[in-house]
Amino acid sequence: MTQAEPCQLLQWDTDFFGRRIARIYSNQLDEKLVEAIYAWTESNHIDCLYFLANSEDIDTIRLAEDLDFRLVEIRLNMERSLKDWNPDTRLHTAPDIQIRLGKVEDIPRLQEIARHSYFDSRFYFDRCFPEDSWQAYYATWVKKSFEGGAQIALVAEHIGQIIGYITGLIDPHDPTKGQYELTGVDPAARNLGAGNELFRSGLDHYVRAGVQYIWLATQGRNIATQRMVQRNGLVTRSCQLYFHKWFSPCSQ
């Protein structure tokens with residue numbers, strides 16, 4: 001597979017969902033590119049195609065709509081410099097929440113939380129993905145992260161019980177840059193401040209690892225997360241639109 005091709009087969013998604021899934025490399029569309037995309041999807045027997053579009057490109061959006069791409073998510077990319085973040089002096093607003101490094105033995109509990117944490121996701125809003133399937137997708141993702149797939153992997157405890165987690169990556173090509181990846185809090189514990197403390201503790205770990213800049217992506221409909229990260233100094237970097245295009249019949 002080379003990027004000279006218009007799309008990339010996503011092997012992990014394909015294997016997990018049992019449907020041939022790919023993504024378009026470009027964030028913009030034109031008629032010539034669409035011809036190449038359709039030829040590629042046909043020759044590769046693609047069932048579902050992901051497309052992340054630049055929201056300010058009116059021609060791309062209209063073309064995607066004309067081709068029956070389904071809008072499943074407004075994606076906000078948010079960023080922050082960490083040069084002024086001090087782990088020793090930053091606020092602690094949830095003293096009853098303990099944050100620690102995750103352990104492999106935590107995984108079953110973390111997977112339980114993950115299965116009930118992503119109702120804002122694009123998979124939930126695309127009913128072609130059955131609920132039990134995308135819940136298992138995130139549970140598997142969390143497992144991989146806490147088995148070593150993420151450089152930041154923290155859990156929150158309250159009265160000795162795990163109630164949440166957060167994971168993040170450090171850019172292997174530029175270790176001064178990091179990206180938050182997954183976060184989840186038990187629905188029964190979402191008024192305790194665990195998400196905020198997990199987020200701030202993650203920033204502590206990033207700073208101590210030499211990371212100077214972090215970013216994350218969240219859904220436009222996820223107002224709670226937006227407000228929380230904004231209170232911690234993140235600002236919007238860009239806005240994109242996620243589309244899914246199905247070429248095979250949808251079972252839902």
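This is a predicted model: local features need pLDDT of at least 70, side-chain atom pairs count only at pLDDT 80 or more; totals for chains, interfaces and linings use all residues.
Ten strands form an open sheet in the order E1-E2-E3-E10-E4-E9-E8-E7-E6-E5, and the pairing within it is mixed. Strand E1 (7–9) and strand E5 (97–101) are the edge strands, each pairing on one side only. Neighbouring strands of this sheet are turned against each other by 25 degrees on average, direction ignored.

E5 and E6 run antiparallel and are joined by 5 bridges. Within this pair, Gln 98 has Glu 157 in E6 as its bridge partner. Glu 157 also stands opposite Ile 162 in E7. E6 and E7 are antiparallel as well, with 7 bridges joining them. These two strands form a hairpin with 2 residues between them, and Ile 159 in the turn has a positive phi of about 55 degrees.

E7 pairs with E8 in the antiparallel sense over 7 bridges. Here Gly 168 has Tyr 180 in E8 as its bridge partner. E7 and E8 form a hairpin with 6 residues between them. E7 is mostly covered, with 7 of its 10 residues buried.

The buried residues are Ile 107, Arg 109, Leu 110, Gln 111, Ile 113 and Ala 114. They pack against helix H5 (131–149) and against strands E6 (152–158), E7 (161–170) and E8 (177–185). H4 packs on the sheet through contacts with E6, E7 and E8, and its direction makes about 85 degrees with that of E7.

## Phe 69

Because its relative accessibility is 7%, Phe 69 counts as buried. Leaving aside residues up to four places away in sequence, Phe 69 touches Ile 24, Tyr 38, Leu 49, Phe 51, Ala 64, Phe 243, His 244 and Lys 245. Phe 125 stands 56 residues from Phe 69 along the chain, and the C-alpha atoms of the two are separated by 13 Å.

## Asn 77

Asn 77 is found in strand E4. With a relative accessibility of 3%, this residue counts as buried. Its side chain makes a polar contact of 2.9 Å with the side chain of Arg 75. A polar contact, also of 2.9 Å, links the side chains of Asn 77 and Ser 238.

Beyond the residues up to four places away in sequence, Asn 77 touches Trp 215, Leu 216, Ala 217, Val 235, Thr 236, Arg 237, Ser 238 and Gln 240.

## Cysteines

A disulfide is a covalent bond between the sulfur atoms of two cysteines. For assignment here, the two sulfur atoms must lie within 2.5 Å. By this rule the model contains 0 disulfides. Cys 48 is in no disulfide, as the nearest cysteine sulfur, that of Cys 128, is 7.5 Å away.

Cys 48 counts as buried because its relative accessibility is 0%. Cys 239 has a relative accessible area of 26% and is therefore partly exposed.

Methods. Residues are numbered from 1 along each chain as its sequence is written. Side-chain values use heavy atoms; hydrogens and water are left out. Buried means under 20% relative accessible area, exposed over 50%, partly exposed in between (1.4 Å probe, protein chains only). Contact means heavy atoms within 4.5 Å. Helices (H or I, at least four residues) and strands (E, at least two) are DSSP runs, numbered from the N terminus. A polar contact is a pair of N or O atoms within 3.5 Å; within protein, one must be able to donate a hydrogen and the other to accept it, and residues adjacent in sequence count only if both atoms are side-chain atoms. Two strands pair if DSSP finds at least two bridges between them. Axes are lines fitted to C-alpha atoms, for helices over the stretch in contact, and angles run from 0 to 180 degrees between N-to-C directions.
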